[in-house]
Amino acid sequence: MGRIYNFSAGPSMLPLEILEEAKKDLTDYKGCGMSVMEMSHRSKYFQDIIDEAEADLRDLMNIPQNYKVLFLQGGGTLQFSMIPMNLLRKSGKADYILTGTWAKKAAEEAKKFGDIKVVASSADDNFTYIPRVSKDEFRSDADYIYITSNNTVYGTRFTEIPDTGDTPLVCDWSSGFISEVYDVTKFGLIYAGAQKNVGPAGVTIVIIREDLIGYAPEKTPLYLDYKIHSENGSMYNTPPCFAIYMAGLNFKWIKDQGGVAGIQKMNEEKAGLLYDAIDQSSMFICPVAIADRSLMNVVFVTGDPELDKEFIAEAEKRGMLNLAGHRSVGGMRASIYNAMPLKGVQVLTSFMKEFEEAHK
Ligand code: PMP
């Protein structure tokens with residue numbers, strides 16, 4: 001079987017170029033006689049890999065010097081607890097905006113550690129839109145405000161970052177990471193698991209403003225304290241070496257695509273093509289409010305679960321895999337992360353037209 005178009009929400013497709021490069025280096029990385037998987041994380045080779053990955057990411061995202069970049073383990077899920085453990089540092093209060101499954105999970109976890117208030121939610125309309133929240137709706141003494149900027153399950157995204165004034169804004173950017181230009185200075189902390197837009201599962205990137213580090217209570221387990229990782233260049237313990245290496249290759253690939261601005265342009269083109277195909281069809285419907293549509297996870301339905309199943313099965317026969325929606329919502333979801341080529345979306349949209357014609 002050749003390469004397929006993989007529309008999985010994550011782990012998801014990676015650029016072929018970086019897979020080929022990793023393959024080339026797999027058994028003998030740059031002539032050192034071993035694989036990145038086999039080398040000590042304390043070796044000069046690996047130090048160069050992690051330093052270069054961080055430098056390239058800083059460059060791509062224009063990350064200021066007063067922010068630390070951490071390469072951690074535990075996925076997005078561990079951040080649901082690390083964030084309140086470290087950032088509830090004064091009032092013990094934090095405000096959350098609920099825009100779907102992952103925001104809900106994050107808020108539930110945070111409730112174990114402090115006074116968590118849901119200031120807005122789109123649950124009333126099955127998370128098909130992003131609630132607008134003004135600065136005065138947040139508690140003035142909140143230690144942080146929390147958003148999930150791209151909602152993997154429901155296919156929504158914040159197109160405007162809420163103004164939180166001086167209160168640090170925390171952002172779960174797991175499924176949108178580095179897919180569009182973000183002004184890092186608007187955030188206190190940004191995090192993302194790598195397995196959607198960056199590389200294989202196993203590394204979670206945390207970008208955190210320095211002044212928010214150092215407040216974890218004394219009894220916090222070492223691994224859960226950002227300070228430990230920050231003071232040790234993400235190498236207090238053995239980091240996920242191979243995943244960091246792959247992330248580094250991916251950052252170089254993004255540079256070759258014209259940086260984040262170049263990638264954003266391509267993502268807008270791909271998403272535009274797919275949403276246009278849905279909106280122009282009389283078979284497919286996207287339930288998401290037009291202004292809040294995700295560039296990464298495009299959710300659509302026919303309205304008939306049996307027809308959805310047929311569509312997904314037929315698409316699979318044509319090399320388009322993992323188009324089923326999240327198990328909690330059904331229908332279809334095409335995850336078109338950075339690595340999905342325009343061609344993949346073109347193949348999908350022409351199949352949608354053909355399927356609709358055949359079912360008239
Ligand atoms: N946040 C978002 C937006 C996600 O999509 C996911 C996973 N799909 C998570 C958090 C959880 O991440 P992980 O599986 O890496 O723990």
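Me: Which polar backbone atom is 3.0 Å from an oxygen atom of the ligand?

Reply: A polar contact is a pair of N or O atoms within 3.5 Å; within protein, one must be able to donate a hydrogen and the other to accept it, and residues adjacent in sequence count only if both atoms are side-chain atoms. Here, in a predicted model, the backbone atom belongs to glycine 76. Threonine 77 places a polar side-chain atom 2.5 Å from a ligand oxygen, and for an N or O atom in the side chain of tryptophan 102 the distance to an oxygen of the ligand is 3.4 Å. Of the 390 Å² that the ligand exposes when taken alone, the protein buries 85%; these accessible areas come from the Shrake-Rupley method with a 1.4 Å probe.

Me: What should I know about the numbering and the confidence limits?

Reply: Residues are numbered from 1 along each chain as its sequence is written. As the model is predicted, local features need pLDDT of at least 70 and side-chain atom pairs count only at pLDDT 80 or more, while totals for chains, interfaces and linings use all residues, and side-chain values use heavy atoms, with hydrogens and water left out.

Me: How many residues surround the ligand?

Reply: A residue is near a molecule if one of its heavy atoms lies within 4 Å of it. The count is 13, and the closest are Thr77, Thr152, Asp172, Gln195 and Lys196.

Me: Which helix gives the most to the shell around the ligand?

Reply: Helices are DSSP runs (H or I, at least four residues), numbered from the N terminus. Helix α3, residues 75-87, gives the most, with four residues.

Me: Is isoleucine 278 buried or exposed?

Reply: Buried means under 20% relative accessible area, exposed over 50%, and partly exposed in between (1.4 Å probe, protein chains only). Isoleucine 278, in helix α7 (residues 259-280), is buried because its relative accessible area is 1%. Threonine 349, in helix α9 (residues 342-358), also counts as buried, since its relative accessibility is 6%.

Me: Which residues are in contact with threonine 349, leaving aside its neighbours within four places in sequence?

Reply: Contact means heavy atoms within 4.5 Å. With those neighbours left aside, threonine 349 is in contact with Leu273, Leu274 and Ala277. For isoleucine 278, on the same terms, the contacts are Phe284, Ile285, Cys286, Val298, Phe300 and Met352.

Me: Where is glutamate 109 placed?

Reply: Glutamate 109 belongs to helix α4 (residues 101-110), and its side chain makes a polar contact of 2.8 Å with the side chain of lysine 112.

Terms used. Helix = DSSP H or I, 4+ residues; strand = E, 2+ residues; numbered from the N terminus.
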